[in-house]
Amino acid sequence: MSVTEQGPGPDRGAGPDDGDGGGRPGGEQGHDAAQEAMRERIAAHSLTTRRDCLRLVATVSGGLAVGGVAVAAGVLHRHGDSGGEQPPRVRIADRIEPGQSVAFRYPEEDDRAVAVRLGDGTLVGYSSVCTHLACGVMWRADRGDEGELYCPCHEGVFDARTGEVTAGPPPRPLPRVYLTEEQDGSVWAFATARSGENVTDALCRQFHQPELRRQLGCPGEGEDG
């Protein structure tokens, strides 16, 4: 697996160690060991920051019911649900080679995403927040012919080419992040889609220039203006 974290930037995830103090009963030693194993498992992948790792451990050790209710109720932020505002155009990588992936944030700093160059050169981008309980999704190049997008919380699996759910409990496909590649090889993010939203609806929702909307065939945009 080849993964790159784009953009130096400040370490927004740094902070005190995740601990609730000592003094736990001996009967919980196995629980602590499981949490430590989960930390090591997630920290091994640069697609998940230290803050995300701690959040994941907290979810696994006690917040599943609350998280499930929040997702079902639409309380948690969902990638691409920023309304109808036109998103920024952001350079996410100088180049992405076949078999590589890049972690980035788009369209906002809280929106974790991943770009993948498949073996045939196809470039795809998705939210890296699982649609089940918002755990971090990572690309695994060693799984299957094209690799897969994998959530370690509950063994959720998404198709790397389409973002569709192929295994596990996620109820919806991963939201898309639309990418474009310039002649110099640089890769830019320019729009998002909600989970299951088609490209025309996604772009028409976010772009408001009349000529572009006519070219896209957006509803209400007549050919004669």
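Modeller: Let's start with the word "strand": strands are DSSP runs of E with at least two residues, while helices are runs of H or I with at least four, and both are numbered from the N terminus. Two strands pair if DSSP finds at least two bridges between them. What you have here is a predicted model, where local features need pLDDT of at least 70, side-chain atom pairs count only at pLDDT 80 or more, and totals for chains, interfaces and linings use all residues. Residues are numbered from 1 along each chain as its sequence is written, and side-chain values use heavy atoms, with hydrogens and water left out.

Biologist: Okay, how many bridges join S10 to S11?

Modeller: Five, linking S10 (residues 177-181) with S11 (residues 187-192), and the two run antiparallel. Glu-181 has Val-187 in S11 as its bridge partner. Five residues lie between the strands of this hairpin, and Gly-185 takes a positive phi near 95 degrees.

Biologist: In what order do the strands of the open sheet come?

Modeller: S6-S7-S8-S9, four strands with antiparallel pairing. S6 (138-140) and S9 (165-167) are the edges: each has a single partner strand, so one side of each lacks a neighbour in the sheet. The twist averages 40 degrees from one strand to the next, using lines fitted to C-alpha atoms (for helices, over the stretch in contact) and angles from 0 to 180 degrees between N-to-C directions. Three bridges tie S6 to S7 (residues 148-151), and Trp-139 stands opposite Leu-149 in S7.

Biologist: Is Pro-107 buried or exposed?

Modeller: Buried means under 20% relative accessible area, exposed over 50%, partly exposed in between (1.4 Å probe, protein chains only). Pro-107 has 17% relative accessibility, so it counts as buried. You'll find Pro-107 in the loop between S3 (100-105) and S4 (112-117).
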